[in-house]
Amino acid sequence: MGKKQGRPGSGRRRTETKLAQTRDPRVLTFPTHISENQVIEELRETVQKLRIFDSLGKTLTSSLDLSEILKMVVEKLGGLVNCRHFGLVLMDEASSEFCYEFPEEIAEGKHGFPLGKGIIGRSLERGKGGLFFRPLLDPAFDAEVDGLVTSHPESMITLPIMSRGSVLGLLVFFTEEGYAAFTESQFRLLETFSDYVTIAVQNARNYKLVQELTISDDLTKLYNSRYLHLVLDREIVRSERYKENLSIVFLDIDNFKDVNDQHGHMVGSNLLKEFGDFLLTCIRTSDCAIRYGGDEFVLVLPKTTKKEALHVVSRSLESLRSHVFLKGRHLNIRVTASFGISTLPEDGKTIDQLISAADRAMYTVKKSSKNGVLAYNSPITLIGSKA
């Protein structure tokens with residue numbers, strides 16, 4: 001029996017029909033192996049990612065505070081990959097250690113770790129991020145560092161924060177044991193934002209540098225007189241709000257002109273630099289040392305009564321009397337200083353009133369004994385001795 005023949009032209013028409021179908025945008029949009037619901041879900045995810053991208057872009061330009069920027073970024077990037085466990089570690093350039101800056105409950109301890117410790121420390125040391133599956137089995141895993149955010153991570157992503165070839169810190173993301181691990185696409189997605197984070201970090205660091213140059217004294221590296229009004233403005237408001245005392249100390253190096261006349265202005269400048277270093281050893285971390293101008297300095301002492309300020313200055317005076325400056329230059333110079341103290345609220349409630357009161361007390365010492373301290377409007381007699 002012969003093979004059944006189709007109608008002439010029917011094969012060609014079937015071919016043309018199939019070609020027409022492949023050009024149909026509905027066929028191209030919804031392939032047979034993907035349901036309409038799947039496509040809608042993918043579109044929703046894309047829209048959500050675009051929203052996060054837009055939000056991140058605004059975040060990176062909304063602040064010039066480096067720590068604030070990075071905290072906002074790590075939270076938003078965690079949302080981008082549906083991650084609930086993430087952290088931020090920053091490098092300490094002075095000690096070559098790193099510590100957690102976020103989450104806050106971990107950062108409160110401010111415990112430093114040596115570079116290279118754990119997967120996180122190794123990523124910082126190499127300046128290279130990575131995707132780690134089952135990190136507990138990784139020989140580099142260190143529970144003290146890598147297990148702080150979650151003790152049993154299923155997967156882990158590290159993303160270094162770079163600036164001008166230097167590693168500033170690391171964004172780190174975790175999935176917990178029992179949950180789906182990160183995918184390569186999620187890792188690549190986070191990596192795409194590293195350049196934007198770097199730009200934001202550089203902007204924040206440049207802004208901070210400009211601010212430091214604006215409010216720092218070139219010679220002593222203490223704050224300058226511009227900063228004095230900023231810090232007093234802030235501390236006066238705080239003191240009044242919490243009903244606390246605030247004391248300021250105005251001081252002037254005795255006979256500083258003699259140092260310049262005898263040794264030259266270069267030596268005088270080096271002495272001022274060392275004197276600034278000396279003042280920093282006399283105050284608490286909450287206090288502030290400022291070079292007011294020439295050989296005059298101001299100390300701002302928050303939460304300090306007049307009696308407590310007198311104790312601080314008296315102790316500093318004794319230390320100064322025995323201190324030898326410029327030993328490294330074999331000059332062995334000794335100096336003394338005259339100190340004046342004023343306290344809020346009894347000696348004034350404004351910046352000008354407090355500075356003026358401390359200045360007057362200091363000049364009383366300068367015109368009488370030198371090498372001493374006097375608190376403004378205080379029943380305590382002048383403390384000092386002939387230099």
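This is a predicted model: local features need pLDDT of at least 70, side-chain atom pairs count only at pLDDT 80 or more; totals for chains, interfaces and linings use all residues.
Leaving aside its neighbours within four places in sequence, which residues is Lys366 in contact with?

**Stop 1: Lys366**

Lys366 sits in helix 14, which covers residues 351-367. Show the residues around Lys366, setting aside those within four places in sequence: the contacts are Asp252, Ile253, Asp254 and Ser338. Now display the side chains of Lys366 and Asp252, which are joined by a polar contact of 2.5 Å. Is Lys366 buried or exposed? Its relative accessible area is 14%, and because buried means under 20%, Lys366 counts as buried.

**Stop 2: helices 11 and 12**

Next, select residues 256-263, which form helix 11, and residues 265-282, which form helix 12. The two helices pack with their axes 7 Å apart, at an angle of about 135 degrees. Helix 11 and helix 12 are therefore oblique to each other. To see the contact itself, colour Phe256, Val259, Asn260 and His263 on helix 11. On the side of helix 12, colour His265, Val267, Gly268, Leu271 and Leu272. Sorted by class, this contact of helix 11 with helix 12 holds five nonpolar and four polar residues, and no charged ones.

**Stop 3: two cis peptide bonds**

Move to Phe102 and Pro103 and show the backbone. The peptide bond from Phe102 to Pro103 is cis, and its omega is near 5 degrees. Pro103 belongs to the loop that runs between strand 2 (97-102) and helix 5 (104-107).

Then go to Leu344 and Pro345. Here too the peptide bond is cis, with omega near 10 degrees. Pro345 lies in the loop between strand 11 (337-344) and helix 14 (351-367), and helix 14 is where Lys366 of the opening stop is placed.

**Stop 4: two positive phi values**

Select Asn82, in the loop between helix 4 (66-80) and strand 1 (85-92). Asn82 is not a glycine, yet its phi is positive, near 50 degrees. Is Asn82 buried or exposed? With a relative accessible area of 66%, Asn82 is exposed.

Finish at His330. This residue is in the loop between helix 13 (306-322) and strand 11. What is the phi of His330? The value is near 60 degrees, again positive in a residue other than glycine. His330 has 71% relative accessibility, so it counts as exposed.

Methods: Residues are numbered from 1 along each chain as its sequence is written. Side-chain values use heavy atoms; hydrogens and water are left out. Helices (H or I, at least four residues) and strands (E, at least two) are DSSP runs, numbered from the N terminus. Buried means under 20% relative accessible area, exposed over 50%, partly exposed in between (1.4 Å probe, protein chains only). A polar contact is a pair of N or O atoms within 3.5 Å; within protein, one must be able to donate a hydrogen and the other to accept it, and residues adjacent in sequence count only if both atoms are side-chain atoms. Contact means heavy atoms within 4.5 Å. Axes are lines fitted to C-alpha atoms, for helices over the stretch in contact, and angles run from 0 to 180 degrees between N-to-C directions. Angles under 35 degrees count as roughly parallel, over 145 as roughly antiparallel, 65 to 115 as roughly perpendicular and the rest as oblique. Ala, Val, Leu, Ile, Met, Phe, Trp, Tyr, Cys and Pro count as nonpolar, Asp, Glu, Lys and Arg as charged, and the others, Gly among them, as polar.
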